Amino acid sequence: TGLSIKKCDLKITTNNSNHHTEEISTERLMLRRGQPFTITVHFSSPVHSYLQQLKKTSLTVQTGPHPSKADGTQAEFPICSPAEPKQWSAALEEQDPWFWTISVNSPARAPIGHYTLTLRAPGADCHLGSFTLLFNPWCQGDEVFLPNEAQRQEYVLNQEGVIYRGTENAVLAQPWDFGQLEEDIVDICFTLLGMGERRQRDKGSAQRQSPVPVCRTVAAMLTCDEFRGVLSAGGTGPCCAGTAPPAWLGSRAILQRWSVAQCKPVGSGHCWVLAAVLCSAVLRCLGIPTRVVTGFTWAHNTNSSLSVDEYYDEDGTMLTRDSDARVWTFHVWNECWMARADLSPEYSGWQALDATCQVKDKGSSFCGPAPVKAIKEGDTEVDYDVCNFFAAINAKCQVWIQTADDTLKPALGGTKYIGNNFSTKGVGSERCEDVTHHYKYPEGSLQEKEVLGKAYRKTKQLETGSSKAEFSSIPPAHEDPVNLFIQLQAKSCLLLGQDISLSITVSNHSGAEKVAQLVVRAQSVHYTGVPIAQLWKEEFHLTLRSNEASSLQVSVPYSLYRGEMGENKLLRLTAMLRDEDSSMCLAQEEISVSESPLTIEFPEAMVQYQPSTAKISLLNPLAEPLEKCVVAVTGRGLLYRQRKYRLGPVQPNSTQQLQILFTPTQAGPRRLTAHLTSLQLHNLNSFKTVNVAAA
């Protein structure tokens, strides 16, 4: 007689715990490849001659719309087979006339996806259940294996991130809820992956064996598909239709809205939102160790050229030219950890992946994954898009002055050093970790010169061997004698409501007295280097004696620059010095006006399942009342869902306090985030982490 199966126990609680997926689901089997899992098959009638039955019985797993043994999306294997790391196998762990307990092992390169598990016996096939298979950073045979447990906890399982914005001299932290372990996110991620595979006409599920094509597929789907992408391409100016980036607090809401909207773009795809969604809700969810990285002073859309230009008029007003290439105040991308089986072993490790569309020879698209080591060493021929990343962080920025007759003159002292302060959240903490040394050798060092020289030599080889160079070298520097110097200093980060204090030093190093005009200006800019509005301007007429320096202090009242600051509250300060010989010298500084007036306080001790209180204080830094204030509060493991509190008017320089009552349900480090909107101030965040003791 054949097997009569009553039920199959997938042992979800035990298996999910062993596979580090218990937070994703307690009702569905979530597994990581290359690691065994256990099931128990219960019979309706006793099986006495089990050895004879085993010889006739096998298991079948399959995934994808067109399962095939040839591409690894389908496998049939006997239950008595020994564990085999490179193929599906199963072994009988325990047997009884009424049940069999079976250990099943997946290969470390099995395609990720939703699987069905079937038991095949003479006369009948029995569906035992379904499971989801993810990448496995805990398995040495997996390409995404990460040997450090603290890093696995941070880059795979941590749902609470920090994204850095601001300027290179004032790095500001923004909290972000990744939410990659929420159960619905897994299904949305596989929907996204499947749509991307169909869009690219790939081999579908067969491409899911390697993290490289998976990364490229989901990065392409975020913005590069204008009809089905998650977010519409943004970044050069005001937000597109949909929710503005500063209003997003986490990835889950974005992906849920995309799913409900029948997979159509739901908001503006500014770089930090793209990186946050790609990092958390997609790549970490699928099991690829990923982190968000911010670089300051980034040369965008250079199409691998090592030169980028900025333009100003004679009064120091920033001009917008037709070129797509410009210097961004900051840019945010991802790093994914993986072995590069398609490249030399030295390129394994962190890979740069940028979902923001960039101009490339074959049109606009995402960049990466590019080995970070290859970027640092100037190996610009390495896949994928190392040349684009290298140019973005090593280009030379020349500042040009457009005169009244539309001619261009190089501004004295007008070059910028590109690629600074690469920042990411530290492992197991909320400190900012500087990873610039992973991408670049120290400025001015011998190693930096050697790397740049290697890149230039490869440029000439490309120019010789093809009609169009893919990598352009730096233009010659301006070498005219410089007699005028100007220095501009300002505080890098201002509190809301503060006046701007400028210190300007002008030097005349010529042998003669000079009469000069100084124009000082403040203008608001998008983080993408696009000007928003002219906010303030003041002119000075100076007589500069030979070989002397002159200093002056200038103050810009908040009331003059408060309007039209833009969503990132970035101000470009310029000081243009022009003498009677038409020599023009430019100094510039960028400052951020982004300090939050919210503070959060916790009691000294907090215990799981015991009622507690947090205090949120709102200080009004302005000279006018804050009206229609709404504070939204979230905290995984602290609050069940987001809460919103409406406050009455907050008078100038006064403080209102909120008492938040809650009962922690999860132990360990837990973050509370407060988000403020009002008529006067928009989208200001504050966050604080507390350690909750286990009950």
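**Entry 1: two helices**

How close do the axes of helix α4 and helix α5 come, and at what angle do they cross? Before I answer, a reminder to myself: this is a predicted model. I looked at α4 (residues 183-200) and α5 (residues 211-223), and their axes come within 9 Å and cross at roughly 90 degrees. Angles of 65 to 115 degrees count as roughly perpendicular, so that is how α4 and α5 lie to each other.

Next I wanted to know which residues meet. From α4 I wrote down L192, L193, M195, G196, E197, R199 and Q200, and from α5 V214, R216, T217, V218, A220 and M221. Sorted by class, this contact has seven nonpolar, three polar and three charged residues.

**Entry 2: a covered helix**

How many residues of helix α9 are buried? I checked residues 386-394, and nine of nine are buried, which makes α9 mostly covered. The list includes F389, F390 and I393, but also N388 and N394.

**Entry 3: domains**

I looked up the domain assignment, and it gives domain 1 (5-134), domain 2 (159-236 + 244-463), domain 3 (484-525 + 537-593) and domain 4 (598-692). I noticed that domain 2 and domain 3 are each written as two stretches. The centres of domain 1 and domain 3, taken over C-alpha atoms, are separated by 70 Å.

**Entry 4: a strand with two faces**

Which residues of strand β5 are on its covered face, and which on its uncovered one? In β5 (residues 74-78), A75 and F77 are on the covered face, while Q74, E76 and P78 are on the uncovered one. I had read that in a regular strand the side chains alternate between the two faces of the sheet.

β5 also has a partner: strand β4 (residues 58-63) pairs with β5 in the antiparallel sense over five bridges. E76 turns up again here, as the bridge partner of T60.

**Entry 5: two open sheets**

I started with the sheet that runs β28-β27-β30-β31, an open one of four strands with antiparallel pairing. On average, neighbouring strands here are turned by 15 degrees against each other, direction ignored. Inside this sheet I followed β27 (residues 514-525) and β30 (residues 570-579), which run antiparallel and are joined by ten bridges. Q523 stands opposite R572 in β30.

Then I turned to the sheet β35-β34-β37-β38, again open, with four strands and antiparallel pairing. β35 (643-647) and β38 (684-692) are the edge strands. R671 has T689 in β38 as its bridge partner.

**Entry 6: one valine**

Is V506 buried or exposed? I found V506 in strand β26 (residues 500-508). Its relative accessible area is 0%, so V506 is buried. Setting aside neighbours within four places in sequence, V506 is in contact with F485, I486, L542, L544, E548, A549, S550 and L577.

Last, I checked V506 against S280: they are 226 residues apart in sequence and 49 Å apart in space, C-alpha to C-alpha.

Definitions and conventions
Residues are numbered from 1 along each chain as its sequence is written. This is a predicted model: local features need pLDDT of at least 70, side-chain atom pairs count only at pLDDT 80 or more; totals for chains, interfaces and linings use all residues. Side-chain values use heavy atoms; hydrogens and water are left out. Axes are lines fitted to C-alpha atoms, for helices over the stretch in contact, and angles run from 0 to 180 degrees between N-to-C directions. Angles under 35 degrees count as roughly parallel, over 145 as roughly antiparallel, 65 to 115 as roughly perpendicular and the rest as oblique. Contact means heavy atoms within 4.5 Å. Ala, Val, Leu, Ile, Met, Phe, Trp, Tyr, Cys and Pro count as nonpolar, Asp, Glu, Lys and Arg as charged, and the others, Gly among them, as polar. Domain bounds come from an automatic or database domain assignment. Two strands pair if DSSP finds at least two bridges between them. Buried means under 20% relative accessible area, exposed over 50%, partly exposed in between (1.4 Å probe, protein chains only).
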